[in-house]
Amino acid sequence: MLIAIVISGFLAALAAPALYHFLPRWAGRICPLLPLSLFACLLTVVGQVSAGTPLIFSLPWIPSLGISFSLYLDGLGLLFALLVTGIGFLVFLYTPAYMSNDVRLGRLTGWLFAFMAAMLGTTLAGNLITMFVFWELTGICSYMLIGFDHEQEEARRAALQALLVTGIGGLALLAGFILLGNISGTMELAELLGRGDIVRAHPLYLPALMLVLAGAFTKSAQFPFHFWLPSAMAAPTPVSAYLHSATMVKLGIYLLARFSPVLGDTEAWVYLVVMTGGITMLTGGVTALLHNDLKQILAWSTVSALGTLTLLLGLGTPAATTAAMVFLLVHALYKSSLFLAAGAVDHGTGTRDITRLGDLARVMPWVAAGAGLAALSMAGLPPLAGFIAKELLYEANLQSPLAPLAVTVVSVFSNSLAVAAAILAAYTPFFSKNSVHDLHPHHVEIGLWLPVLLPALLGLLIGLFPGQVGTWLVTPAVTVIRAGGSPVQLALWHGFNPVLLLSMATLGTGLVIAALRGPLLRKLSVAGNIRMGGAERLYGIFFSRLQGFASWLTLTIQGGRLRNYLMIVVGVTVCLVGFTFLTGSGELPASLPRPDGGIHEWLTAGVILAGAVMAMVTRSRLAAVAAIGTVGYGVALIYILFGAPDLAMTQFCIETLSIILFVLVLHRLPQFTLLSNRATRARDLVVALSIGGLMTLLVLMTVSQPLSSHISTWFLEQSFPAGHGRNVVNVILVDFRALDTLGEITVLAVAALGVYGLLKKRHKEEG
Amino acid sequence: MQSLILSTTIRLLMPLLLMFSVFLLLRGHNEPGGGFVGGLVAAAAFALYSLAHGAEAGRKMLRIEPRLLVAAGLMTALVSGMLPFITGQPFLTALWSKLPMPIIGHAGSPLLFDAGVYLVVSGMSLLIIFSLMEE
């Protein structure tokens, strides 16, 4: 069943464009059925998984390296998989209405399916390498989806930025996984989870930790890699809701949760993860309030929420882990609802600027209801799920092993910022009395409001019945992360305690911040002009410098002058080989072997030499071409004399074709004159003599040593029985070493395309 | 430049050269020859024809874009390498028929692979030659 869950999305990705092409009317209704049925399918195993029996599937992939394609579904994976398919259902419901008959709808849906499958693969992966492959696939899908409006430069830039930042993190993650595999001796997740003590005691623990954290932090947009996430808002809104708030950016959180039994519970872990999470939480919360664009507000508050999750997983206590899992679920619900509401607003009015929006509840009542509920959950008001999450968060903060006071203060402050952001995102556009006379908002169809309302209602439902959700979904996930600790039971009402006081303080501060925001921003006049933060500017400088360096390097080494290329190639060869020659163990023969060739061999050698000298001294280009041809044919003759007819035949053909090519271009070349002065010719002589001398020495050295001929005898013996051919050269080419040949013909094809492109380009420029 | 001698000779030579190139390809497994040299001979045949009658006529004679030849060749080689997947063997494992055949001895997937090499090499050479001629 697991394999079907992962594969079906990829198949759907291939089928979606065709479906939209042939059944445009029905495709929008068929597509949401897949995530819905996957969701139902996953629900059927909740009982088994919450009882502590994970589902396992395994196929051998590269057994020699311990790599298998294995899938592993436990409580943590199940929570994520349910989120991916559940939010996926809403997004697939919403997308056709949002894009309203755009011709590219099929392509968008296809990529969304591919993304969903990749997400399921990552969260269900049971092997480090399998996980990495799916992890990178999510990044590629994200690249394609952010850059969906590829005709806009902004979208392309944002897509590339997201790809590079998460891609660099992905490479670090791969290195980290390989280190983990080497330290623990297994690539299988199920075995690795039990070997945490071995990993933590290993001297390479710290590098492995840093690398895995780099992967998690880039993916989950943690400071200082956070800037790619707000830029990624260039994507269509359903994509932002799905990838960049509810699911993909949570993969870093998944990684932290997944590997905390292996890597967690050390001083380095707590400090690194808690500090990063705290800084991200504050940065995101403050920046969110500086924006007027609905999507930017939501994106920065997502950054803040991701920081909160990171901080909680860094603390690592049972209370903190429970809080993290609850907050993860709650945040996915309210944030996807708010994002989809922002999309509906954009669709209905044509703008997302909150200074121009207001009183939309009259026009789109259902969207307003959904967004309002979601915002109440975000602000943490009872009886919504957000309240439970916040209570747990404060409880975890107060029990923090690391500076409880500081952690609590930072949390309260950034939650107040979240309250203010919730007011901006839901109250201002829908319920405030802003005048919207210049916009003409229209009603939105069911496809746009139902996906807003559903998750918001679900948030209410969880708030009313927290116990069941806790038993079935949260507790199994928490037990996976913290095998020892007993998870906290979820309840809406915890009684009058310090935590409740903190909640009330948060709400009050949030209201004050929201009230002061407008006047403060006007005074500072920064709203709307925050474009480049410090980290993003560094990123920009780094990449422009890198490109500058690359073009400098290319121009220096490959300036377009053939003689320079030759000199570089020859120089490097002579230096490297000469160095080995001087320091190596090889010896020159004491006496030169006596040449035993007959007169015909001497004659052939003479022809080659004469051709070379002729090419050097002649004053006619045609003569030079002919002389070089003579050298080539001479070499082919040598091949024949020493019994290599295959080589000789090929050499003859090559020479013939080269001469044909020369003839074709000969009359176009400028006059054949002496352009070099004495000094350059002397330099050329040195270059030619050095490579010639080196090759001579090498040949002498090679022939003086008895060749260990295991390989050639093996080929000779095996050619007919194993390769069914008597021509050993050809059997090697097409059978024994066919992979090399495949590589070579690919190079040939690429080179041909290069030549073709260059000639055609020149043609166009001239014509 | 039109040369009567060249154009008459090539008219006779061309079918011979092409047949020879295929012959080289087929016998390559047991005697000197093979896809690489066969492809070069085929390219030479078309190149000579184009020298005599112009690149336009050469293209017409070839009927198919050299670029497509390169692509088809790469695909052929790749497919021949993937045939063993059907029986669950690794990439590029040679498959052989049991029946002996004239000239080539046994038929097998390496021959298909060699045909791919033949197509890539001849396509690539002609791509460059035609492009240069039309400069």
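Seven bridges join strand β1 (residues 55-62) of chain A to strand β2 (residues 67-73) of chain A, and the two strands run antiparallel. Two strands count as paired if DSSP finds at least two bridges between them. One bridge links P60(A) to its partner S68(A) in β2(A). Four residues lie between β1(A) and β2(A), which form a hairpin. In the turn, G66(A) has a positive phi of about 75 degrees.

A word on the model and its labels. This is a predicted model, where local features need pLDDT of at least 70 and side-chain atom pairs count only at pLDDT 80 or more, while totals for chains, interfaces and linings use all residues. Residues are numbered from 1 along each chain as its sequence is written, and chains are lettered from A and ligands numbered from 1 in the order in which they are written.

Now step back to the whole of chain A. Its secondary structure comes to 32 helices and two strands. Helices (H or I, at least four residues) and strands (E, at least two) are DSSP runs, numbered from the N terminus. The C-alpha trace of chain A spans about 110 × 60 × 50 Å along its principal axes. Of the 767 residues in chain A, 45% are buried. A residue is buried if 20 or more other C-beta atoms lie within 10 Å of its own, exposed if 12 or fewer, and partly exposed in between, with C-beta atoms placed from the backbone. Contacts tell another part of the story. Two residues are in contact if their C-beta atoms, placed from the backbone, lie within 7 Å. Take the contacts in chain A between residues at least 6 apart in sequence: 77% of them join residues at least 24 apart.

Start at helix α1 (residues 2-22) of chain A, which holds L19(A). Is L19(A) buried, exposed or partly exposed? L19(A) is partly exposed, because 18 other C-beta atoms lie within 10 Å. Leaving out residues up to four places away in sequence, L19(A) touches A27(A), I30(A) and G106(A). T696(A) is 677 residues from L19(A) along the chain, and their C-alpha atoms are separated by 67 Å.

α1(A) also packs against helix α3 (residues 33-44) of chain A. The angle is about 180 degrees and the axes are 11 Å apart. Axes are lines fitted to C-alpha atoms, for helices over the stretch in contact, and angles run from 0 to 180 degrees between N-to-C directions. That angle makes α1(A) roughly antiparallel to α3(A). Angles under 35 degrees count as roughly parallel, over 145 as roughly antiparallel, 65 to 115 as roughly perpendicular and the rest as oblique. I5(A), S8(A) and A12(A) in α1(A) meet L34(A), L38(A) and C41(A) in α3(A). By class, this contact has five nonpolar, one polar and no charged residues. Ala, Val, Leu, Ile, Met, Phe, Trp, Tyr, Cys and Pro count as nonpolar, Asp, Glu, Lys and Arg as charged, and the others, Gly among them, as polar.

Next, look at the loops of chain A. The loop between α11 (205-219) and α12 (228-231) of chain A holds P224(A). The peptide bond from F223(A) to P224(A) is cis, with omega near 0 degrees. A221(A) is found in the loop between α11 and α12 of chain A too. A221(A) is not a glycine, yet it has a positive phi of about 55 degrees. A221(A) is buried, because 28 other C-beta atoms lie within 10 Å. Another cis peptide bond joins P382(A) and P383(A), with omega about 5 degrees. P383(A) sits in the loop between α18 (365-379) and α19 (385-398) of chain A.

Where does chain A meet chain B? In all, 36 residues of chain A are in contact with 41 residues of chain B. On the chain A side, α28 (645-666), α31 (728-736) and α32 (738-766) are the elements that give two or more residues. The largest share, 13 residues, comes from α32(A). By class, this side has 22 nonpolar, 10 polar and four charged residues.

Finish in chain B. Helix α1 (residues 4-27) and helix α2 (residues 35-53) of chain B pack at about 165 degrees, with axes 8 Å apart. That makes α1(B) roughly antiparallel to α2(B). Their contact has 19 nonpolar, five polar and no charged residues. R63(B) lies in the loop between α3 (55-62) and α4 (66-82) of chain B. R63(B) has a positive phi of about 70 degrees although it is not a glycine. R63(B) is exposed, because 6 other C-beta atoms lie within 10 Å.
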